[in-house]
Amino acid sequence: MSQTETFDATEFRRALGSFATGVTIITTLDADGNKVGLTANSFNSVSLNPPLVLWSLAETSASLPAFRAATHWAVHVLAADQEPLSSRFAKRGVDKFAGLELDTGPDGIPLLRGCTARFECRTAFQYEGGDHVILVGQVLKFERAESAPLVYHSGRYAHATRRDDSLKPRSAYLAGSFNEDFLGYLLGRSHHQFFSKIRSHLDHEGLSDEEFYLLSTLTLKHDLSASELDAGMAGVLDDHSSSALQSLIGRGLAQTLDGSDGKAFELTLEGRACALRIISAAKAVESQLLERLGPGEGEVLKSLLNRLLSATDAGASALWQT
C-alpha cells in the first residue's frame, strides 16, 4: 500500500484486533477526589530499569482530564473470571466502584482486588499520539497472582491457559486409531473419571445413570414441556428417556402437569431435595478436580465445553430457563 492510499478504518480495526492482548482497568482520582476508572487493552511495558509502563487513552474520553492531571494511577491486569468487571468499567454513566472491596494506593487512588497483576504507578511522561494520549508511568509497587488472565481478541473476550509441553499424546499402536489426542477419547475418559467419583451418591439415592441425567435436566427449568424434553434428550438418552421419566414419576421424584403447550414435567419437592443432595456432592467433587488445574483454568475449560455444546447439540437451548 502506498503512502497516498487511505485505510479502511473498519478493516484496520479488525486487523489490529487480530493481535491478542490482555485486559486492564486503569484507576485514579480526579481533582475533586472522585474515583475514576476505565477498561483498556493498550497497556504495555516500556523499561525494566527504571520500571516503566504505558497505556493510551482517546482524546475524546471523558476521563482524560482526570488522568492528565493525576500524579498517580494504577493498572490492574484482569483475571479470566473478571470479565463482568471489565464490562462494568467499559460503560459510561454508572457507578463503576459500587459494592467493590477496594485497597488504597498512593495519593488515595483506588485499587481493585483479585487481579492477575496490579501496578501502582507515578506519572512519568505524557505524549500526544494521533487521536490518543500516551501515558507513561513509573512503577512504584506491583503484585501478581498465579491466575489465568482475561484476553481480548478480534473484538471479543477470550481465555488464555498455559500449555504443558510434557503432556504430549502417546501414539497408538494402530495407525490412525483413537490415540490420546482424539477429542472423543479425551471427553469420554474425562467424563468416565468424573462420573465414577459421584456414582456412589447415585447408588445411595437408588438412581440409574439415565434417571440421574433426567433428574438433573429437570433442574434446569421450573418445568419442561414434552416437546422441550424430547428435543433436549435427542441424541442423549433417546428411547431411554421415556422409561427413566416414568421411573422418576413412579418414585415420586417427578410429576406431570398441564402446560400451555400440553403435557409438561417438573420435579416434586422430594425430587428437588434429591437433586440438591446430588448437586452438593457433585459440586464438591468438581471443586477438588478444578483445584488440580491452574488458577482460572476451570473457567477456560467450562467456556470451551459450553462452546462445544452449542456447536454439537442444537436441542440444548430448549433446556435452559429463560
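Which residues are linked in a network of salt bridges? In this predicted model, in which local features need pLDDT of at least 70 and side-chain atom pairs count only at pLDDT 80 or more, totals for chains, interfaces and linings use all residues. Residues are numbered from 1 along each chain as its sequence is written, and side-chain values use heavy atoms, with hydrogens and water left out.

The network comprises Glu101, Asp103, Arg113, Arg118 and Glu143, a salt bridge being a side-chain nitrogen of Lys or Arg within 4 Å of a carboxyl oxygen of Asp or Glu. Across the whole structure, the search finds 11 salt bridges.

Arg113 is partly exposed at 40% relative accessibility, whereas Glu101 is exposed at 59% (buried means under 20% relative accessible area, exposed over 50%, partly exposed in between, with a 1.4 Å probe and protein chains only).

A salt bridge also joins Asp103 to Arg118, whose closest N and O atoms are 3.2 Å apart. Because Asp103 belongs to strand β7 and Arg118 to strand β9, this pair ties together parts that are 15 residues apart in sequence. Asp103 is partly exposed, with 25% relative accessibility, while Arg118 is buried, with a relative accessible area of 9%.

Notes. Helices (H or I, at least four residues) and strands (E, at least two) are DSSP runs, numbered from the N terminus.
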